[in-house]
Amino acid sequence: MLSKHPVVQIIIAVAALASIGIFVHHSDIEPISTGFYRCILSLPLFIIINKLEKPSVIPLKITTRQLNILTLLGGFGLGMDMCIFNLAFNYTTMAENNLIVNLTPLIVFPASILYFKEKTSWLISIPFAIALFGLYQLVFGGAGTHQIHVTGDLLSLVAALFYALFVVMTKVAADHGADMGRYMIKVSICCAVILFAGGLIMHEHWLPHSLYGWVDLILLAIISQVFGQLLLAKAMKKVPLQLSSSLLLLQPIFAAIYGWVLFNEKLSTVQLFGATLVLVALFVFKYINNINRVRKTIV
């Protein structure tokens, strides 16, 4: 039934991705080792999907060595993103963590100009300015501006930077004909190695204390990967880019609702204002960017 309603699929996928913080909060083990299990338990899913799908017929335009380097960098970026993103839940709210990490499109944009040589309009500077001002209000507008809260938001920003690295490496690999199914399997393995190393460095525990702990980890993998990443990837192909981009902005809103209902996480009036500015900036940025792409297609 859901396959006939791709918009509903995207909303479900976004809600699933926003729920990651719930499972991290309730996990029997620490944040980084929790991320390790999310990666490892979802890896069989990627392998099965890759086996079922037709292999890529696009010829590889780079050497195997170059592709391996892109894969390692992509896996490193995603692994570090997951490490820091999960750690940030210990210091800041689900809403702020998700919202700041969603700044990735703005972070990736300079790379599209410098590396991919994409031309754009000067209007794109407007959402950048709005986002920076909104981010400042979000981070420093909390009651008392507790140092631990600021630390959490800064961790979220660093996570967004590492996720941007993953996005850029994945874009380069895809543009050069890489089989994205195999690419994601290798990236997931690299990601698991990074998370395992991070857990060892932080002296985290690896085994949940109860059956409930295992259920939490399994649900994290299923919900975030099956109902999150996989459903989102499939549904976005059936929906116009502008609409799907707008629906992705629901993720921090869902996260705010989860945090408020389940963990009594509240944002101050100033933070709500800052969060609204960031959402508006992301919407305007994607709108201007999509217009530029349409113009290039017509030309």
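**Helices, a surface patch and a salt bridge**

Trainee: What does phenylalanine 227 count as, by its relative accessibility?

Mentor: Buried means under 20% relative accessible area, exposed means over 50%, and partly exposed lies in between, with a 1.4 Å probe and protein chains only. Because its relative accessibility is 41%, phenylalanine 227 counts as partly exposed.

Trainee: What kind of model is this?

Mentor: Residues are numbered from 1 along each chain as its sequence is written, and side-chain values use heavy atoms, with hydrogens and water left out. Local features need pLDDT of at least 70, side-chain atom pairs count only at pLDDT 80 or more, and totals for chains, interfaces and linings use all residues, for this is a predicted model.

Trainee: Which helix gives the most to the nonpolar patch?

Mentor: The patch covers about 1000 Å² and includes Val8, Ile40, Trp214 and Phe227; such a patch joins nonpolar side chains (Val, Leu, Ile, Met, Phe, Trp, Tyr) within 5 Å, from residues with over 30% relative accessible area and no salt bridge. Helices (DSSP runs of H or I, at least four residues, numbered from the N terminus) take part as follows: helix 1 (6-18), helix 3 (31-52) and helix 10 (211-236) each supply at least two residues. Phenylalanine 227 lies in helix 10. With seven residues, the one that gives the most is helix 10.

Trainee: Where in helix 3 does the kink lie?

Mentor: Helix 3 has 22 residues and spans 32 Å from first to last C-alpha, close to the expected 32 Å, which is 1.5 Å times one less than its number of residues. A bend is the angle between axes fitted to the seven residues ending at a residue and the seven starting there. The kink is about 30° and comes shortly before proline 44, at serine 42.

Trainee: Which side chain makes a polar contact with the side chain of serine 224?

Mentor: Serine 224 lies in helix 10 and counts as buried because its relative accessibility is 1%. A polar contact is a pair of N or O atoms within 3.5 Å, one able to donate a hydrogen and the other to accept it; residues adjacent in sequence count only if both atoms are side-chain atoms. At 3.3 Å, the partner side chain is that of arginine 38.

Trainee: Which residue forms a salt bridge with lysine 171?

Mentor: A salt bridge is a side-chain nitrogen of Lys or Arg within 4 Å of a carboxyl oxygen of Asp or Glu, and the whole structure has one. With the closest N and O atoms 3.4 Å apart, the partner of lysine 171 is aspartate 175.

Definitions and conventions:
Patch = residues over 30% accessible without salt bridge, like charges linked within 9 Å, V, L, I, M, F, W, Y side chains within 5 Å. Areas by Shrake-Rupley, 256 points an atom, 1.4 Å probe, with all protein chains shown as cover.
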